[in-house]
Every structure is written in structure tokens, then in C-alpha cells.
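Subject: Handover of a structure and the findings

Dear colleague,

Please find the structure below for your further work. The findings follow it, grouped by topic.

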Amino acid sequence: MGLREALRRIGTRHPAVLLAVHPGGTKTRLAVEAGLRRRGWPVAASPAAASGLLVVGSGGAGAGEWTDALWRQLPYPKSRSAVTEAEGVETALDGLLRTLTAPAGAGVAGHVGPGEGEARGRLRAGPGGHGAHDAHAAHLPHAGPVAGLPMAERADDRDGLRLDRLHLPLGPGLADWPAGLVLDVALQGDVVQHAEVRITAPAAEELPYWDEPWLRAARGEEVGRGAAHRRCCAAHLDSIARLLAVSGWPDPAARARRLRDAVLDGAPGQEWGAELGRLGRRVRRSRLLRELTAGLGALPGARARRFGVTGPALAADGDAYDRLLTWLDEAALCAAGVDDDRPLAPHGQHDKQGPRGRLDGPRPPSQALLDALPGLLRGAEFTSARVIVASLDPDLDELAVAAHG
Amino acid sequence: MADTAPVWAVVLLPFALAAAAVLVAGFDAVLAAAAEGGRPGRPLRAAPAPLRAGLRLLGQQPRRTTAGDPWLGRIGIALVPVAAVLAGAVLPWGFRAVTDPVVGVVWFNAMEALAWAAVWLAGWGPNSALSLVGGYRFLAQGLAYELPHMLALTTAALGAESLRVGEVVAGQRGLWFAVWMPVAFAVFLLSALAMAFWGPFDHPLGRDAAGGAAAEYAGVDRLVLLAGRWLLLVVTAGFSVPLFLGGGHGPWLPAWAWTLLKTAAVLGLLVAGRRLLPTLRMERYVEFAWTVLVPLTLLQALAVAIVVLER
């Protein structure tokens, strides 16, 4: 028994952790990602691959439902922990590990939800895509349920054939996915026929993390331009990291994340400026990345303006690849200004531009991105859809501001 | 012609392949840790990560999904390492393989094709949309890479005028095939990656689809699938040595050492090279494969055929 116990402990010392991020939890998420990197723990892409579930941020009413569903899908032995403040990350991670390495028989960790033990990986959009069929179960013309699940219905596809059509929710628990976003998609094969955006509104207690400096300045607080530039640079690096990760290029994605954390830590510009340049050159040099992302989610300027898009997505005036390049450009521009200690002018023309667009418009910039999204997804293949979402990277934290005006 | 190894080699083969797979996975983990840069200067500590992950999976409860077909999925999963080991049987160590049938090259290719079925079944089994997407991605991948791959295999066999692996090795006594069949060699390396659905051909298990074909597997199921993938990578990369790099031929060192060195070099190249490239999507790669690689490999085969006829 001693040997088995020892092997079990070795095996669980670096658990794979699945992150369930609630909207509004950006700051905590960044701290969690940095903490996991320090410990060398992998971030799991699906519940099946994870040993620990870490719920990040605090959701509003009913937000526990999808995290409970995720938790039920984790295989035993498993452990669950929650963190709402960036300061609590180390404690939460230690907590995860403690339960996992506890002697066998000490029980599984955390919270035991209803329906525990019954693995429920039914036809669903991966992690978090629970209740895939509930909404569509009622009106199926040609088939009854099989094993309690409805069959896929059929519809005309783009070539005029009648093919199975499957309704799935994508999100909210996917890796490298905007927190709080759920896309209800109808898939034929792996082609998105139709997509609708469903939003989990963030609990509006704090200012959205990425827009914080500009919004505080608009409220009349004194915010340095350098701090705003730092935040903008880090926001773009975060988006770049997600897009690269979704494109299956983990190395530069990890580099972008590391840079992002260095920028936010307040490290002086000369420490990471050169590294940022190298990352930009490496990404630009990749012809393959261009081949793979060019033409996806084309959003010409005129159309973007119609949706009210401002910021990088408008400036890019093109497809996913153009948006990536725009982020790289703007990140470099912002990096050049981090040592600017003049205050941000609340009424200056250029000082109302957050990482995702103008913050003084009638709606938060991410709302415009979300409005543009379904049209861009129609007809996209599954991966392309993921790339398109990542290339817009709407920040649902911003919607809290809209709710509160 | 190569000798057939003694019977104990049959028992040894899976273990030797597994040991090689663990080493390669460890090397990859070190590279990944260096890229992550979590603890500066200590990426080497990540080397045992694959073993740790294996232990973790061994102690984990397998998962079942609603209305899934667990046996279909498990057959698929089990076929991955089985295909790898069976393909490894014709792999000569030095000049000795576990078996050296007259149609060794075809046998190897057939075992590789088994992996198609394996991944597709593994993706189909759990009745889960993302894992099915992953399974189908591998079929699309097969359509894209298999044609140039088979032409590359054919070219090597043509150069040796035999489908027996031992004779392909013997045919390279003076000059490695890689030297005068560079296109076939390069295409074979590409398809070795594709065969093992290892990056940049890792789309079937893509992170964007929450792990694709592997999305729903936990515990031993997951371990067998992922370990089988490393075995496949080792075997396909290892097969480039007898096919194109002269097998055990080389000065000073014994034949087995040359095989080992060359295999290690190819594996190192493939694993390190993966980090330079984003994941290839087959709906874009297939165009390149059919309009560029197929004609190139055909020309290569033509050139080799002319040389062989003139010989």
C-alpha cells in the first residue's frame, strides 16, 4: 500500500486544472494563470482532462449552475476550489492540491452536487455546454428521443442537401474563450449554420478590468497615461495569446501571456520592450499563420462601423489576421508610452479609447463586437468559428457598465 | 536482407518503444516548460512530467458518457498503441527486425492506416459533438496527407527494388536515400507527424475543440490513447531511418547505435520543429498536399524510376 500511496501522490502533485471563469473575473483569472505557470500545472482543455476545477470570479444569480455541471463531468479523484480575489490564488491552488493528495479514502473534495457520480458527457459542446438539447427537445418532427436524448434534426445545408443539424451551446467553459459568453450554434457536420449570442451578465460590482484606467479618469480620478498604456498593452497581449492558442501555436501564446504578466507587474519598459518586438516579428514572419487565419471573419470597415465597432477591430478593416496584426501594432504603440506620467485627460479625444474601442459611446465597445459576431460565424467551420471569436475577443466584463450606466 | 531477431525481441519491442516514447515526451515537456518560462532556468525539472501525468491517469476513474458506445470507443483507443507496436515489428534495429516480411513497407503502411480507424472510432464512441468533430478531423487529415505519403513510401521501395524493409536498408549501403530522394524524405517526415496526429497536425486532438477525439476520455482510456500517440510518433519517425537514412549503416559505431542515433535525431527534429508552427487545418492543407506535394512526389518517383532503370 505504501508504494501505491507514494505513486498516487507523485501523480497528483501537478494536477491539471480546469478554469471556470465568471464574467468580471478578469483580474483574478490573470493571477490564476500566472500562479499555474509558476507551479508548472497544466491548464486542462476539458473536464475529462482535469483533476481540479477552479471557479474564478463570482457570478451573479444562477451562475453556479454551469460550474456544477462542469464539476459533475470531472473524473474522480477530483478537487474543487473557488477564488474571487487575485490575492486568494495561492490559497485556492494549495487547497486544490491538499484535497487531491489527501490519503485515499479521505473522500473527494469539495462540494457534492446533485446527480453526483453519474457522468453526464452527453452530446454537448464540450466543457460547460450543458443542457444542449433542453431548448430544442420539444419540436422534433422525425425521431423520438434515444436514451433520453433527442436525435439531431435535419435541415438544408449550403449545398442543398438535407443533413443532420445539431444545436449546441459553445461555452461558457471553453479554454481561451471570453468569460460569460455562450454561443448557441446550429451545426451541420462541423459547419456553423446559425449562431446566437447568449450573455451571462457580469455581477456589476467593479469596473471592467481592461477599461479601468479610462473609466476612472472619466469619473474624474487622476490616472496616469502610462498606467493606461500599460493596461492597453496587456489587454492586447491577452487577446493575442488567446488567438494564438486557439490557432494551435502554444509557444508564442505562452510568450504573449508571460509578457502580459510582466507588463501588468509594472516591470520597466526596457525589460520587456525588446521581447515584445521579438514576439511581434515572429508572429508576422509566420506565413503559415497568415495562410491559416486569412479570410476568416472578414469585417470591412464600413460594415464594422454599421455595427458601431470602434477600436482595433475597426482599424484592422479586414479579417482575423488583420486584427491580430492590429493588436500587435497597438501593443507596440502602447508599450512605447508606458513611461508617460502625464495624467489621462477625461475629455481628450484620444484618451477615451480603451483596448476594445471608444468608451464614451452609447454602448460598451464589446457590445458592438458581439452584435457583429453571429453574421461572421455563419458558414464558418468549427475551428474557424473559434478563431473568429478569438480574433474579436469581446470582453463581457464591459457589459456591466452598460447595465449600470 | 536483414536477419530476423530472436523471439525475445517480440517481448522486448513494446517496452523499448514505450521507453523511447517516454524519453521523447519528456523532451517535449522540457521544451514546453522552457516556452512557458514559469520558473526561469529550471525547465529540465519538467522532464518527468509525462510519467507523472501517466500515474495521475492510472489512478483516475474512467468516465462514461450518456448514450455513448464505450466499447466502440475503447476499441478505437486500444488500436492506437496496437497499430504502433505492430508497425514497429518491421522496424530494423541495426539490421535485425522482429520480422522482415517480403511486403514490409506495405505492412507498415497498413498499420498506419489502422490508426485512421482508431482515432475515428475513439471520436465516435462517446456520443459527444466535440469528440466527433475531432474524429472526423482525422479522416480529413488522412485524405490530405496519405496520398503523398504513399508515394513517398513507394519511392523508397522503388529505389531498393523491393518492398522488404531489410532490402531497402541494404540498398543504401553506399548512399542514403535521403540524399537522392530529398522530396520523398521530406514528405515522409511530414506524414510521420500527420500519422501520429502530432503537431502541427494535432488538429484531431485540438485544444480549440476541448481536446477533440480525446475530449471525453479520462483515466486509463486517456492514458492508452495519448501514450499510443507517442508510440506512433516514435515508430513512424523511426521508420524514416531504414527507409531514407541508411538504417544501421555508418562508420565506427555498431549498427544498433547508428539506428538509435538517427532515430533520436529525427525525433528531436520533429518534436522541436512542432514548436515553430501553428496547427495546420486540413481544409487549407489539403490544397497544398494535392496541388504541390502530390506532383512533387510523382516527379520524385519518376526520377528514381529512371535512375533504377538505367542502373
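Predicted model: local features only at pLDDT ≥ 70, side-chain atom pairs only at ≥ 80, totals over all residues.

Charged surface of chain A

A patch of negative charge on the surface brings together E85(A), E87(A), E205(A) and E206(A). Of this group, E85(A) belongs to the loop that runs between strand 3 (79-83) and helix 4 (89-101) of chain A. E85(A) has a relative accessible area of 44% and is therefore partly exposed.

Salt bridges

Over all chains, the whole structure contains 30 salt bridges. One of them joins the side chains of E212(A) and R231(A), with an N to O distance of 3.0 Å. E212(A) is in helix 5 (residues 212-218) of chain A and R231(A) is in helix 6 (residues 225-246) of chain A; the two are 19 residues apart, and the pair links distant parts of the chain. As for R231(A), its relative accessible area is 16%, so this residue is buried.

A further salt bridge is made by D393(A) and R242(A), whose closest N and O atoms are 3.2 Å apart. D393(A) is located in the loop between helix 14 (382-392) and helix 15 (399-404) of chain A, whereas R242(A) is part of helix 6 of chain A, so this pair ties together parts that are 151 residues apart in sequence. Both D393(A) and R242(A) are buried.

R260(A) and D261(A) likewise form a salt bridge, and here the closest N and O atoms are 3.0 Å apart. Both R260(A) and D261(A) are buried. These two residues also take part in a network of salt bridges that links R29(A), E33(A), R37(A), D238(A), R260(A) and D261(A).

Cysteines

How many disulfides are there over all chains? The count comes to 0. C233(A) is in no disulfide, and the nearest cysteine sulfur, which belongs to C334(A), is 6.0 Å away. C233(A) is buried, since its relative accessibility is 0%. C232(A) is also classed as buried, with a relative accessible area of 7%.

Backbone geometry

In chain A, the peptide bond that joins Y76(A) and P77(A) is cis, with omega at about -10°. P77(A) is placed in the loop between helix 3 (64-73) and strand 3 of chain A.

Two residues of chain B deserve a mention under this heading. F197(B) is not a glycine, yet it has a positive phi of about 35°. The loop between helix 8 (182-195) and helix 9 (219-244) of chain B holds F197(B), and this residue is buried, with a relative accessible area of 0%. A210(B), which is not a glycine either, has a positive phi of about 55°. A210(B) is likewise found in the loop between helix 8 and helix 9 of chain B. With a relative accessible area of 2%, A210(B) is buried.

Separations within chain B

A20(B) is in helix 1 (residues 8-36) of chain B and is partly exposed, at 24% relative accessibility. The C-alpha atoms of A20(B) and L260(B) are separated by 9.9 Å, while the two residues are 240 residues apart along the chain.

L270(B) is in helix 10 (residues 255-274) of chain B and is buried, with a relative accessible area of 5%. L270(B) and L114(B) are 156 residues apart in sequence, and their C-alpha to C-alpha distance is 22 Å.

Yours sincerely

Note on methods: Residues numbered from 1 in each chain as written. Chains lettered and ligands numbered in written order. Heavy atoms only, no water. Patch = residues over 30% accessible without salt bridge, like charges linked within 9 Å, V, L, I, M, F, W, Y side chains within 5 Å. Areas by Shrake-Rupley, 256 points an atom, 1.4 Å probe, with all protein chains shown as cover. Salt bridge = Lys/Arg side-chain N within 4 Å of Asp/Glu carboxyl O. Lys, Arg positive; Asp, Glu negative; His and termini not counted. Charge placed at Lys NZ, Arg CZ, Asp CG, Glu CD. Helix = DSSP H or I, 4+ residues; strand = E, 2+ residues; numbered from the N terminus. Buried < 20%, exposed > 50% of the residue type's maximum accessible area, 1.4 Å probe, protein only. Disulfide = S-S within 2.5 Å.
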